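I opened a new notebook page for this chain. My plan is to go from the whole fold down to single side chains.

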Amino acid sequence: FLPEALFNYLVLLGWSPPDEREIMTREEIISLFSLDRISKSGAVFDITKLKWMNGQYIRKFDEAQFYEIVLPYVSQENLAGLSKYSPEKLAKILFSVRDNLDILSEINNYLEVYIDNFEEYKKNISELNFSEQELDVLQTFKSLLQDFSSVLDRTEISNMIDSILASKGLGKGKVMKPVRFACAGRKSGPDLFEFLSILGKETLLERLEYLL
């Protein structure tokens, strides 16, 4: 848990600000604090609420800040599995799962998707089913990737998804869901656009060609 989040939460167990805000900096709390806003009722320590609040603070970190604060929580096993990536890419990998976390140690629940080798991917994908419509979406995505000559970034991935949405007349879920399943071999995971750009064109095409 982040000290800022814990401080914020503990204050609200027995006191509330005039505007009923929940997320406040230490300085804001100090400036607003007054004894007449202290509650007379018994406080209830709600770990679910504390985790939610901690998650709100985690989401405030930019990539560099998040990398520095979360790296000590990444297990040695996961660090070894991620050693194939450059330090710059490792920072992006960790940041891509920032919004999944409520506490920092949960980082280890979301890194396997980046560690999976091709054999592990094939095992995971064998447990998933795709409709004809989804396979058509994946074939279109594969064609767009093959025609793309530059380094992938989240903007380019977003443009590809938008192109499929427009050409197929489908909602976002009907496109992004099969793309995630096919490229990750998993039903959930990090920010999709970041994940696809980190994996890169070569790996994505290898996986799509195997699946299709």
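The entries below follow the order in which I looked things up.

**Entry 1: overall fold**

I note at the outset that this is a predicted model. I counted the secondary structure elements of the chain and got twelve helices and zero strands. Read from the N terminus, the order is therefore α-α-α-α-α-α-α-α-α-α-α-α.

Next I checked the dimensions. The C-alpha atoms fill a box of roughly 65 × 40 × 30 Å along the principal axes. The radius of gyration of the chain is 21 Å, whereas a compact globule of 212 residues would have one near 17 Å.

Of the 212 residues, 38% count as buried. Among contacts with a separation of 6 or more, 70% join residues 24 or more positions apart.

**Entry 2: helices α4 and α6**

How do the axes of α4 and α6 cross? I took α4 as residues 63-70 and α6 as residues 87-96. Their axes come within 9 Å and cross at roughly 85°. Angles of 65 to 115 degrees count as roughly perpendicular, so α4 is roughly perpendicular to α6.

I listed the residues that make this contact. From α4 they are Glu63, Phe66, Tyr67 and Val70. From α6 they are Leu90, Ala91, Lys92, Leu94 and Phe95. Sorted by class, the contact has seven nonpolar, no polar and two charged residues.

**Entry 3: salt bridges**

I searched the whole structure and found 13 salt bridges. I wrote up some of them.

Which parts of the chain does the pair Asp116 and Arg186 tie together? Their side chains meet in a salt bridge, 3.1 Å from N to O. Asp116 lies in the loop between α7 (112-115) and α8 (118-125). Arg186 lies in the loop between α11 (172-184) and α12 (192-211). The pair therefore ties together parts that are 70 residues apart in sequence. Asp116 is buried, at 9% relative accessible area. Arg186 is partly exposed, at 23%.

I turned to Glu119 and Lys122. They form a salt bridge, with the closest N and O atoms 3.1 Å apart. Both sit in helix α8, three residues apart, so about one helical turn separates them. Is Glu119 buried or exposed? I find Glu119 exposed, with a relative accessible area of 53%. Lys122 is partly exposed, with 22%.

Then I looked up Arg98 and Asp99. Their side chains meet in a salt bridge of 2.9 Å, N to O. The relative accessible area of Arg98 is 14%. Buried means under 20%, so Arg98 counts as buried. Asp99 has 46% relative accessibility and counts as partly exposed.

I also followed a group of linked residues. Asp19, Arg21 and Glu28 are joined in a network of salt bridges.

**Entry 4: Gly200**

My last stop was Gly200, which I found in helix α12. Gly200 is buried, with a relative accessible area of 14%.

**Entry 5: recap**

The chain has helices and zero strands. Helices α4 and α6 cross at roughly 85°. Asp116 and Arg186 tie together parts that are 70 residues apart in sequence.

Conventions. Residues are numbered from 1 along each chain as its sequence is written. This is a predicted model: local features need pLDDT of at least 70, side-chain atom pairs count only at pLDDT 80 or more; totals for chains, interfaces and linings use all residues. Side-chain values use heavy atoms; hydrogens and water are left out. Axes are lines fitted to C-alpha atoms, for helices over the stretch in contact, and angles run from 0 to 180 degrees between N-to-C directions. Helices (H or I, at least four residues) and strands (E, at least two) are DSSP runs, numbered from the N terminus. Angles under 35 degrees count as roughly parallel, over 145 as roughly antiparallel, 65 to 115 as roughly perpendicular and the rest as oblique. Contact means heavy atoms within 4.5 Å. Ala, Val, Leu, Ile, Met, Phe, Trp, Tyr, Cys and Pro count as nonpolar, Asp, Glu, Lys and Arg as charged, and the others, Gly among them, as polar. A salt bridge is a side-chain nitrogen of Lys or Arg within 4 Å of a carboxyl oxygen of Asp or Glu. Buried means under 20% relative accessible area, exposed over 50%, partly exposed in between (1.4 Å probe, protein chains only). The radius of gyration is taken over C-alpha atoms; the globule rule is 2.2 Å times the number of residues to the power 0.38.
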